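Subject: Structure for you to look at

Hello,

Here is the structure I said I would pass on. My notes on its helices follow below it.

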Amino acid sequence: MTNAMDKPNVRYEHGTIVLVEDDIHIAELVDIYLRDAGFRVLQATDGERGLELIRLNQPDLVILDIGLPGELDGLEVCKELRKSSEIPIVILTARDDEIDRIIGLELGADDYVTKPFAPRELAARVKAILRRSEKKERVGEGPFRVGDIVVDVVRREVTQGGEIVQMTAREFDLLAHFVEHVGIAYTRQQLLDAVWGSGWYGDERTVDVHVRQLRRKLGDGLPLATVWGVGYRCG
Ligand code: CA
């Protein structure tokens with residue numbers, strides 16, 4: 001099921017979202033709220049079609065259900081997308097399925113919403129994510145250097161020893177926060193507020209998952225210390 005062909009000339013205030021969800025009742029409800037919030041919504045009910053819609057339409061954000069029929073579940077779609085794109089991804093997970101949530105974040109999802117959820121809440125979080133990615137156009141700042149790592153916040157590019165290191169949007173924002181505030185210890189909650197935004201109410205383990213990813217990608221070149229009883233400090 002897709003709405004890809006309808007209203008091609010309508011201007012959408014907030015951009016295009018691809019929604020990959022096989023439960024048509026949830027999909028319809030989310031669709032109504034997101035359209036109402038000013039988004040163009042393209043729907044797919046399986047992973048393959050979702051990837052195709054994303055490739056063809058270059059949306060601003062993707063909402064991915066984890067449990068999907070067919071060859072690719074939501075986590076696999078997420079992984080596939082992250083090979084070539086830092087598009088914001090919100091995953092929909094079953095209630096209390098913490099493993100799915102953590103795997104999703106490790107695969108590069110930016111946020112997650114637990115079912116059952118209020119569509120209004122999902123729309124609000126989508127808007128918050130997109131607002132943050134707009135704010136990222138910070139011309140005239142940086143680039144910031146830590147050791148052999150260079151973080152260019154204008155180009156949104158990380159290099160290490162001259163080689164580009166692929167980052168998700170959220171990993172990039174967290175790294176940028178650290179390198180802009182070298183020597184300062186932050187609690188996980190402070191990092192959530194600074195990088196995820198104060199409207200974000202996920203748990204603090206989200207920060208740990210992203211720190212782990214930064215350490216994995218940048219290795220010992222990243223002087224990121226765990227400050228016991230507090231949180232993290234760069235340098
Ligand atoms: Ca499902």
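Helix 2 and helix 3 cross in a right-handed sense. Please keep in mind that this is a predicted model.

The axes of helix 2 (residues 47-57) and helix 3 (residues 74-82) come within 10 Å, at a crossing angle of roughly 30°. Helix 2 is therefore roughly parallel to helix 3, since angles under 35 degrees are counted that way. On the helix 2 side, the contact is made by Gly47, Leu51 and Ile54, and these meet Val77, Glu80 and Leu81 of helix 3. By type, the residues of this contact between helix 2 and helix 3 are four nonpolar, one polar and one charged.

The other pair is helix 6 (residues 169-180) and helix 7, whose axes come within 10 Å and cross at roughly 115°. Helix 6 passes helix 7 in a right-handed crossing. Helix 6 contributes Arg170, Asp173, Leu174, His177 and Phe178 to the contact, while helix 7 contributes Leu191, Ala194, Val195 and Trp196. Six residues of the contact of helix 6 with helix 7 are nonpolar, one is polar and two are charged.

Which residues of helix 7 are buried? In this helix, which spans residues 188-196, they are Leu191, Leu192, Val195 and Trp196. They lie on the same side of helix 7, because the arc they cover around the axis is only 105°. An α-helix has 3.6 residues a turn, so residues three or four places apart point the same way. After helix 7 comes Gly197, with a positive phi near 95°.

Regards

Technical notes: Residues numbered from 1 in each chain as written. Predicted model: local features only at pLDDT ≥ 70, side-chain atom pairs only at ≥ 80, totals over all residues. Heavy atoms only, no water. Buried < 20%, exposed > 50% of the residue type's maximum accessible area, 1.4 Å probe, protein only. Helix = DSSP H or I, 4+ residues; strand = E, 2+ residues; numbered from the N terminus. Arc of directions from axis to C-beta. Axes fitted to C-alpha atoms, helices over the stretch in contact; angles between N-to-C directions. Left-handed = near helix turned anticlockwise from the far one by under 90°. Contact = heavy atoms within 4.5 Å. Nonpolar A, V, L, I, M, F, W, Y, C, P; charged D, E, K, R; others polar. Parallel < 35°, antiparallel > 145°, perpendicular 65-115°, else oblique.
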